[in-house]
Amino acid sequence: MIVPMKRLTLVALKADEEAILRALQRAGTVEVISRADVTDEKAVDEHLLAEVQRLESAAQLLKRYGEKPPMGPKPEMSAEELFASVPEAAELLERTEELDKALAAVRAEIDRNESMIETLLPWRQFDAPIEMIHATRNVRYAVGFLPLGAVEQLEEAGFAVEAFPGAREAAVLVAASASEAEEMQRVLKELDFAEFTFPAITGTPLENIRARQAEIASLREQEAETVAALEAVAKRRSLLLEGLDAATIERDRALSMAAVEKTNAAFILEGWVRADEEEKAQNAVAGAAEVFSFETRDPLEEETPPSAMKNKKLIEPFESIVTMYAYPSYRGVDATAVMAPFYFLFFGMMLSDSGYGLALFIGGLLFSKFMKPQGGMAKLARVITFGGLSALICGPFIGTFFGLAWNDIFHTDIFPLLFDPMVDVMPMMLLSCGLGLVHMFTGIIVKMYMCFRDGDPQSAIFDQLSWILLLTGLILLFAVPALKTVAIVLTALGGGMLLLFSGRSKKNPFMRIGSGLGALYNITGYLSDILSYVRIFALGLVSGAMGMVFNLIGGMVYDAFGGLGVVGAILGCILAGAVLLVLHVFSLFINTLGAYAHCARLQFIEFFGKFYEADGHEFKPLRFNTRNVILRDK
């Protein structure tokens with residue numbers, strides 16, 4: 001169900017503002033908004049916003065230098081323990097940034113020296129000091145690069161040339177008298193000469209190269225020491241993550257404080273609070289201040305409160321499927337309760353293998369117990385666990401056990417208890433389409449309920465019930481000839497209601513009939529929707545077929561070693577077991593993914609399209625939002 005919301009107006013003394021916001025954040029019951037529904041981030045301490053960014057960057061940096069954290073649940077602690085870690089986390093942050101800055105400087109210096117070496121390498125054979133290359137009163141020089149074939153042409157022109165050939169070009173030093181300088185430049189230009197300027201260094205190029213190489217070796221040692229220091233710091237990365245969660249909590253509260261209107265002596269907080277947590281919120285404020293005004297009211301018609309869902313423990317995990325599509329409108333219907341049974345059943349029929357279901361069920365339970373996932377991940381894990389249970393139940397009726405036929409396991413001929421998808425193709429397809437029809441009719445009935453609830457019985461009868469009558473009549477007409485009269489009556493009644501009343505808002509009778517004909521055309525959409533449920537049969541067939549084929553491959557591997565005696569039998573068992581394990585794990589993964597996605601698709605397209613209003617937004621109260629630790633007193 002969608003929880004009713006109350007609009008909260010809280011007025012208190014400005015001196016109590018921070019204490020009240022802290023109490024509300026710990027209670028986690030109020031979504032703070034401004035009168036303009038806008039939070040002024042400029043009013044938030046920039047240092048606090050920057051602190052969160054610095055901690056996130058430092059945590060990502062240390063992730064590269066630390067060992068991969070072991071699989072397991074997030075650490076648990078109290079809020080007091082979390083905030084007590086802040087000073088130590090701040091010291092670790094400073095140390096991390098200091099080392100990162102030092103490492104960046106060392107690597108920049110290494111890059112600078114390597115770039116210098118690369119620049120001087122073509123001149124490493126030049127044995128004169130670089131500072132000697134400068135124009136005099138009588139001599140002019142040109143330093144640069146020429147294509148290999150152009151060096152000889154330059155020498156033939158009568159200029160003094162010292163060349164150092166490379167792979168594709170030659171580094172050259174050309175000398176000419178002052179009177180020949182212009183001629184030298186003209187010839188060089190014709191030979192595609194590329195001028196080069198030595199860096200501001202002294203000594204020979206080779207001396208500079210060796211000096212830079214020695215400096216790089218020293219810098220490499222500094223780099224290694226800095227990396228080692230970062231690796232040591234990375235072992236305490238969890239402390240930095242705790243500091244990040246604490247800083248995030250502080251930032252969220254500061255953002256909410258920025259949304260609160262203030263006077264010199266008081267403040268006014270506007271927000272949304274769940275109706276079932278109104279007393280909890282008021283008690284939190286009362287514990288933080290003595291003087292305050294706490295007033296709530298129902299939402300106005302023009303207001304759009306956030307949506308919060310509340311369901312029974314067995315149904316709650318399926319909220320993750322609903323919210324993956326979109327949050328329900330506050331004035332709409334929470335589809336979780338009506339969708340969950342169908343999702344559970346369809347998942348099991350699509351996977352249809354009890355062995356895979358057993359593996360999913362046990363795996364899901366172990367994952368939830370030992371990994372202790374939170375939020376959406378916890379709900380997803382339970383959806384998969386329930387899906388495994390459904391497949392475990394459906395297997396004896398329409399499926400297999402790790403690709404093995406039940407009759408082969410128990411040496412009977414009573415399985416499957418319902419249909420064998422490999423043999424009973426048409427009955428299985430009809431079962432899938434029949435369940436799909438029930439699924440669609442449920443969506444239509446929910447829409448009828450919404451119409452009656454909103455005071456619009458005409459839409460409930462003429463736009464919704466008419467389709468149930470029409471589709472039921474058509475199905476009976478072709479599937480149950482003995483009820484032909486009843487089928488014709490239902491078809492005529494449903495079709496007539498659509499034809500005559502779909503355009504009831506139009507005064508022109510011809511336009512009303514036109515609207516009715518357009519509505520009747522939608523029957524093609526309903527028929528295609530019904531056929532979409534054949535995917536239940538198709539995916540169930542694939543799961544069993546893949547398992548059987550993989551078992552056949554495993555048997556072939558074992559038989560390949562059957563003629564080698566005891567040693568061959570042992571080796572065959574080991575290899576066949578390894579092959580079967582890999583293949584069945586792959587089959588479990590791919591078929592579970594298919595069942596999860598296609599079950600969701602049937603809900604989103606064929607079911608939600610009948611009634612679901614998806615224009616809601618999530619209720620996000622001010623609370624302790626942590627990503628890296630689990631708060632025991634959250």
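Ser 352 is buried, since its relative accessibility is 2% (buried is under 20% relative accessible area, exposed over 50%, and partly exposed in between, with a 1.4 Å probe and protein chains only). The model is predicted, so local features need pLDDT of at least 70 and side-chain atom pairs count only at pLDDT 80 or more, whereas totals for chains, interfaces and linings use all residues. Residues are numbered from 1 along each chain as its sequence is written, and side-chain values use heavy atoms, with hydrogens and water left out.

Ser 352 sits in the loop between α11 (336–351) and α12 (354–371); helices (H or I, at least four residues) and strands (E, at least two) are DSSP runs numbered from the N terminus. Although Ser 352 is not a glycine, its phi is positive, at about 55°. A positive phi of about 60° is also found at Asp 192, which is not a glycine either. Asp 192 belongs to the loop between α6 (181–190) and β7 (194–195) and is exposed, with a relative accessible area of 58%. Most residues other than glycine have a negative phi, and most peptide bonds are trans. A cis peptide bond, with omega of about -10°, joins Phe 415 and Pro 416. Pro 416 is part of the loop between α14 (406–410) and α15.

Two further loop residues are buried. Ser 329 lies in the loop between α10 (319–325) and α11 and has a relative accessibility of 11%, so it counts as buried. Leaving out residues up to four places away in sequence, Ser 329 touches Ile 2, Ser 307, Glu 613, Asp 615 and Gly 616 (contact means heavy atoms within 4.5 Å). Ala 289, in the loop between α9 (278–286) and β10 (292–297), is buried at 5% relative accessibility. Its contacts, neighbours within four places in sequence aside, are with Asp 16 and Ile 20. The C-alpha atoms of Ala 289 and Asp 16 are 6.2 Å apart, while 273 residues separate the two in sequence.

The largest nonpolar core has 59 residues; such a core is a set of buried Ala, Val, Leu, Ile, Met, Phe, Trp, Tyr and Cys residues joined through side-chain atoms within 4.5 Å. Met 339, Tyr 343, Phe 347, Trp 467, Phe 608 and Phe 611 have the most contacts inside this core. Phe 611 touches Ala 335, Val 338, Gly 443, Val 446, Lys 447 and Met 450, residues up to four places away in sequence not being counted. A second, separate core comprises 22 residues, among them Leu 62, Ala 89, Leu 103 and Leu 239.

In helix α19 (residues 523–532), the residues Ile 523, Tyr 526, Asp 529, Ile 530 and Ser 532 are buried. They lie on the same side of α19, because the arc they cover around the axis is only 165°; the arc is that of the directions from the helix axis to the C-beta atoms. The cover over the buried residues of α19 includes α15 (425–453), α16 (457–479), α18 (509–521), α20 (534–559) and α21 (565–611).

Side chains of opposite charge can pair when their charged atoms come close. The whole structure contains 31 salt bridges, each defined as a side-chain nitrogen of Lys or Arg within 4 Å of a carboxyl oxygen of Asp or Glu. One of them joins Glu 303 and Arg 7, with an N to O distance of 3.7 Å. This pair connects distant parts of the chain, 296 residues apart: Glu 303 is in the loop between β10 and α10, and Arg 7 is in strand β1 (residues 5–13). Both Glu 303 and Arg 7 are buried.

Glu 319 and Lys 379 form another salt bridge, their closest N and O atoms being 2.8 Å apart. Here helix α10, which holds Glu 319, is linked to helix α13, which holds Lys 379, the two residues being 60 apart. Both Glu 319 and Lys 379 are buried.

The salt bridge between the side chains of Asp 463 and Arg 504 has an N to O distance of 2.9 Å. Asp 463 is in helix α16 and Arg 504 in the loop between α17 (484–501) and α18, 41 residues apart. Asp 463 is partly exposed at 24% relative accessibility, and Arg 504 is partly exposed with a relative accessible area of 22%. Salt bridges with shared partners join Arg 7, Glu 270, Arg 297 and Glu 303 into one network.
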